[in-house]
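Here are my notes on the model you sent over. Have a look at the sequence and structure first, then read the points below.

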Amino acid sequence: MSHLVHSLLVAVGLAATANAFAVTDPRGDFLPSFTGRHLGALDIVSADVAFDAADDTFLLHATTAGPIAGASGAAYVFGFNLGGPTKTPFAAIGEPGVAFTSTVTLQSNGTGAAGATPVATRISGDDIFASVPAALLPTSGVADADAAWSLWSVDTTVAGLARNADFAPDGEIRVSAVPEPAPVALMGAGLGFLLFAARRRAAARA
Ligand SMILES: [Ca+2]
């Protein structure tokens, strides 16, 4: 019994502290077509997007190989696919899998926008974050929790497709879910335990 309770507590602890699933990307893998500055800030090394159902908000995060705040003109574009006709503008530079219906652009100067609506952006060292209300991204037949995303870095001092530095992920990946609040997780664990105990009693009678 005590072992089972301990296992449940460990499971609850994991559920409460689990981080969003992050996509990792190699260092120094700028696209051959990229003609901009090879800044660490334009080299994506990991990224994640989670959907917080409680707040109806997407939580965006990217980590780069260098400090972001000082890299003037660096931008990070999160592409979202929420159903309907997609844009696939990057086949010519070897990224045909990047398909999106809307974008959120975060800038190294701390500004950001979802479409034409400003989005608060936070920068800390090599990391950039933003919370984006799901209502800002148009949907067509895909639930917010099932949204797919991709990310690419841009040197905005360069024109055309040659401005796109690094794609990570370069195919569509589904948003992760923000872990449910601890009290809800505890309730779930309690219910699981009751079910387990009931099944064990039933098995003992059989
Ligand atoms: Ca990279």
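1. Leaving out residues up to four places away in sequence, Ile68 touches Ala41, Ala74, Ser108, Ile123, Asp126 and Ile128 (contact: C-beta atoms, placed from the backbone, within 7 Å). Ile68 sits in the loop between β3 (57–64) and β4 (74–81); strands are DSSP E runs of at least two residues, and helices H or I runs of at least four, numbered from the N terminus.

2. Is Ile68 buried or exposed? Ile68 is buried, because 27 other C-beta atoms lie within 10 Å (buried means 20 or more, exposed 12 or fewer, partly exposed in between, with C-beta atoms placed from the backbone). Ile68 and Asp127 are 59 residues apart in sequence, yet 7.1 Å apart C-alpha to C-alpha.

3. A caution: this is a predicted model, where local features need pLDDT of at least 70 and side-chain atom pairs pLDDT 80 or more, while totals for chains, interfaces and linings use all residues. Numbering runs from 1 along each chain as its sequence is written. The protein chain averages a pLDDT of 88 (the predictor's per-residue confidence, 0 to 100). Over residues 8–19, pLDDT stays under 50.

Notes:
Contact = placed C-beta atoms within 7 Å.
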